[in-house]
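Please find below a short note for a colleague who is new to this structure. The points are numbered and may be read in order.

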Amino acid sequence: MTAPKEIVDAVLEGRNQAVARMLTFVERRTDGVDDALAVLHRSAGSAHVLGLTGPPGSGKSTLVSALARHYRSEGRTVGVLAVDPSSVFSGGAILGDRIRMSDHGDDAGVFIRSVATRGALGGLSRACLDAITVLDGAGTDVVILETVGVGQAEVDVISAAQTVAVVSVPGMGDDVQAIKAGLLEVADVHVVNKADRDGASRTVAELREMLRLSRRSAGQWNVPIQQTVAANGDGVADLAAVFGAHLEWMTEHGERERRARRNAATRIRWVAEELVLDELRPGVAAFDHALDEVTAHRTDPLSAARHLVGRR
Amino acid sequence: MDTREEPIRVMLAKIGLDGHDRGVKVVARTLRDAGMEVIYTGLHRSPEQVLDAAVQEDVDVLGVSLLSGAHMPIFTRIFHLIDGMPERPRFAIIAGGVMPDEDVDALTAMGVAAVLGQDTAPDTVVERIRDVSAPAREA
Ligand code: B12
Ligand SMILES: Nc1nc2c(ncn2[C@@H]2O[C@H](COP(=O)(O)OP(=O)(O)O)[C@@H](O)[C@H]2O)c(=O)[nH]1
Ligand SMILES: [Mg+2]
């Protein structure tokens, strides 16, 4: 079996086959992947990471494809992570996002990867964040995440993006309410896709009203509402321009740094938790000893825990 | 660490003008229900697109569904493209759909790991895919 470290250099060079393999290692938490990620992390940090979220059928995959085409026309490389729910019963999944992303078939500058929500050992969110590191470290200019915005793990994933776009469509009715509830806080841009359909301007008005009511103070990014027809590309260049403007705004106002730090905090906590918990399980001598002592009331749980994590 | 078994990843592809997609969708559901991750390409792909996609998705098995009668030229093209790749992909390639018996040997000689025709039972499809994926998963 190929080891992660054998292909790190090829990943850094942006070779698709190596990137593909590394993403599998990340998902499966293959031995040695952490060392590879350590190297890749040092080369990462220059990609613009976009998150696209919204209900199934709103046109996210079509929009991702149209955005990819736009970025390619500017000579930028694109990496896509398309997250699809898995079957609760079998754990299997049918990942269909690629169906709408077919016209990049033989362009090595567009890398598309389908991710099943239950496929990742050690959690979807962490796997996705590490996957971003792989694509970013491979020199990808724009990384696009597609998720249906349900479930905490998926909201976590989308929060890893620098620019988050929430996609809605005309005539969603109650679904606009659903967006209000869960995703309002994370939206940097609202997209009303399928603007070729009746009711687009009403949806825009509803979103505008919703944004007006949300408490946004002065000096904050003014969340724009963009209309697109992903199916034919209308509005996609403008949307990309807005994404660019958002990144620029964040850079100027220190928000980019703030988000990067928030992200770093999350990731450090995740792995720290894992490192600590790995030592705190039956079979580890110190842990078994602590169990004996606490059970026999010779010490208390807090003291034992402090002792175990090396903090007195 | 979680010791769950890693799901087998399979790409199901339709290449060329062949518009018969009922069978491939049935197979997709069968494999999903057997716990596999299935990436479906949709209709009317080129061999180049499908191979590129299979590499990016790092699948264990690439299954091509063909009912159009064009399986010989299409598989010839696929293996020609693979010969031109800098590195041989690790996935196994299988064929499914309507293919006359007399072509099976030729397909096998080209490198097709399994030919699963019309009356293959779902359990057999699952079993054969498990079999052919094993070497790829070692790679
Ligand atoms: C339904 C059907 C259609 C439907 C398709 C609807 C659709 N969206 O799929 C329609 C009416 C559109 C159609 C059109 C045509 N059809 Co038609 N069609 C059939 C028919 C009657 C049944 C196919 C089917 O759906 N079977 C049910 C599914 C569940 O089974 P299946 O597809 O065989 O799939 C199973 C296995 O083969 C296998 N499998 C399939 N793919 C894969 C992939 C992998 C990886 C694996 C492991 C397994 C696997 O598992 C599946 C589940 O068990 C067949 C005849 C037949 N008996 O097969 C002709 C048939 C396939 N059609 C044929 C023809 C000629 C045509 C047309 C060209 C007719 C015309 N002149 O217009 C057009 C072409 C359309 C196009 N663009 O491709 C011929 C093909 C001849 C050939 N291969 O040389 C057939 C064989 C009929 C015949 N005897 O002449 N067709
Ligand atoms: N009318 C119209 N249909 C669209 C548009 N964008 C996407 N679609 C269609 O909407 C359906 C769902 O698209 P998809 O991208 O798969 O949505 P996703 O589930 O959000 O990824 C497909 O049939 C698309 O062709 C659009 O701008 N206008
Ligand atoms: Mg989609």
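1. Why can H4(A) be called largely enclosed by the rest of the structure? Ten of its 14 residues are buried, so the rest of the structure largely encloses H4(A); buried means under 20% relative accessible area with a 1.4 Å probe, protein chains only. Among the buried residues are A:Lys60, A:Ser61, A:Leu63 and A:Tyr71.

2. This is a predicted model, in which local features need pLDDT of at least 70 and side-chain atom pairs count only at pLDDT 80 or more, whereas totals for chains, interfaces and linings use all residues. Residues are numbered from 1 along each chain as its sequence is written, chains are lettered from A and ligands numbered from 1 in the order in which they are written, and side-chain values use heavy atoms, without hydrogens and water.

3. Helices are DSSP runs (H or I, at least four residues), numbered from the N terminus. After H4(A) comes A:Gly75, with a positive phi near 80 degrees.

4. Ligand 2 is surrounded by 16 residues, and A:Gly57, A:Lys60, A:Ser61, A:Thr62 and A:Lys194 are the closest; a residue counts if one of its heavy atoms lies within 4 Å. H4(A) provides the largest share of this shell, three residues.

5. Oxygen atoms of ligand 2 lie 3.0 Å from a polar backbone atom of A:Gly59 and 3.3 Å from a polar side-chain atom of A:Arg100.

Conventions:
Buried means under 20% relative accessible area, exposed over 50%, partly exposed in between (1.4 Å probe, protein chains only). Helices (H or I, at least four residues) and strands (E, at least two) are DSSP runs, numbered from the N terminus. A polar contact is a pair of N or O atoms within 3.5 Å; within protein, one must be able to donate a hydrogen and the other to accept it, and residues adjacent in sequence count only if both atoms are side-chain atoms.
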